[in-house]
Amino acid sequence: MGVYDLSTISDLDAISPLETFLSEISNPNTRAAYHQACTAFIHWLETIGQNPLRVRSIHIATWRELVQRRHSVATTKLYLAALRTFFDWMCEQNLIPLNPARAVKSPKEVIAVGKTSFLEPAETRMLLASLQGEQPIDLRDRALIGLMLFTFARIGAALRLNCDDLVRRGGSTLTCSPFCPRL
């Protein structure tokens with residue numbers, strides 16, 4: 001795309017850059033979330049009679065306040081990230097001279113209590129006991145699930161472990177199976 005004369009672009013043409021912007025996002029989840037955020041913003045601009053190519057920071061700040069009343073802080077931050085990225089792209093395409101979303105701050109999210117749920121020891125024992133099978137793959141799955149439950153490890157970290165990484169605690173005995181990788 002070249003340099004555009006903003007006075008010749010109509011309101012209908014202003015939606016076309018959004019479609020082009022979205023088509024360049026490879027992750028389908030990000031594309032869907034950004035589509036929802038940008039479309040909601042453009043529709044809001046239409047309700048107040050504002051051309052999307054003439055947006056200023058005050059418009060984005062006002063919209064942020066409206067979004068924050070209806071949605072969580074995380075959703076508001078996502079919507080602002082979508083707008084920042086969209087307006088950055090519009091600057092790169094020479095559709096607008098400056099990114100009006102850069103000046104608008106995201107709300108702070110204070111998390112006092114974690115959202116990750118955990119299993120009680122009795123529930124953990126019941127889960128591990130429910131995993132049946134004596135094939136190597138069954139034993140591997142039971143070991144990985146037990147490791148993840150007792151160490152809060154993510155699967156990627158658990159898969160990178162070696163037998164030497166395991167430590168004996170509380171008098172339990174550790175034995176490596178023949179399937180344990182040694183590097």
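## First stop: α2 against α3

Select Ala 37, Ala 40, Phe 41, Trp 44 and Leu 45 in α2, then His 59, Ile 60, Thr 62, Trp 63 and Leu 66 in α3; these two sets meet, where contact means heavy atoms within 4.5 Å. This is a predicted model, in which local features need pLDDT of at least 70 and side-chain atom pairs count only at pLDDT 80 or more, while totals for chains, interfaces and linings use all residues. Residues are numbered from 1 along each chain as its sequence is written, and side-chain values use heavy atoms, with hydrogens and water left out.

Helices (H or I, at least four residues) and strands (E, at least two) are DSSP runs, numbered from the N terminus. Helix α3 covers residues 57–70, and its axis lies 11 Å from that of α2 at an angle of about 110 degrees. That makes the two helices, α2 and α3, roughly perpendicular. Axes here are lines fitted to C-alpha atoms, for helices over the stretch in contact, and angles run from 0 to 180 degrees between N-to-C directions. Angles under 35 degrees count as roughly parallel, over 145 as roughly antiparallel, 65 to 115 as roughly perpendicular and the rest as oblique. The crossing of α2 and α3 is right-handed; a crossing is right-handed if the near helix is turned clockwise from the far one by less than a right angle, and left-handed if anticlockwise.

## Along α2

Now select residues 28–47, which form α2: 20 residues that reach 28 Å from first C-alpha to last, close to the 28 Å expected at 1.5 Å a residue. The expected span is 1.5 Å times one less than the number of residues.

Which residues of α2 are buried? They are Ala 33, Tyr 34, Ala 37, Cys 38, Thr 39, Phe 41, Ile 42, Trp 44 and Leu 45. Buried means under 20% relative accessible area, exposed over 50%, and partly exposed in between (1.4 Å probe, protein chains only).

Go to the start of α2 and show Asn 27: one of its side-chain oxygens comes to within 2.8 Å of the backbone nitrogen of Asn 29. Such a polar contact is a pair of N or O atoms within 3.5 Å; within protein, one must be able to donate a hydrogen and the other to accept it, and residues adjacent in sequence count only if both atoms are side-chain atoms. Just after α2, look at Gly 49, which has a positive phi of about 75 degrees.

## α3 against α4

The crossing of α3 and α4 is right-handed. On the α3 side select Ile 60, Trp 63, Arg 64, Val 67 and Gln 68; they meet Thr 76, Tyr 79, Leu 80, Leu 83 and Phe 87 in α4.

Pick out Val 67, which is buried at 6% relative accessibility. Apart from neighbours within four places in sequence, Val 67 is in contact with Thr 76 and Tyr 79. Its C-alpha is 9.7 Å from that of Ala 40, 27 residues away in sequence.

In α4 itself, the buried residues include Trp 89, Met 90 and Cys 91. Asn 94 follows α4 and has a positive phi, near 60 degrees.

Pro 100 is buried, at 8% relative accessible area. Not counting residues up to four places away in sequence, Pro 100 touches Val 55, Arg 56, Ser 57, Ile 60 and Phe 87. The C-alpha atoms of Pro 100 and Phe 87 are separated by 7.3 Å.

Asn 99 is in the loop between α4 and α5 too, and counts as buried at 13% relative accessibility. Show its side chain: the side chain of Asn 99 reaches the backbone oxygen of Arg 84 at 3.1 Å and the backbone nitrogen of Ala 101 at 2.8 Å.

## Last stop: the whole chain

Zoom out to the whole protein, which has seven helices and zero strands. Of its 183 residues, 30% count as buried.
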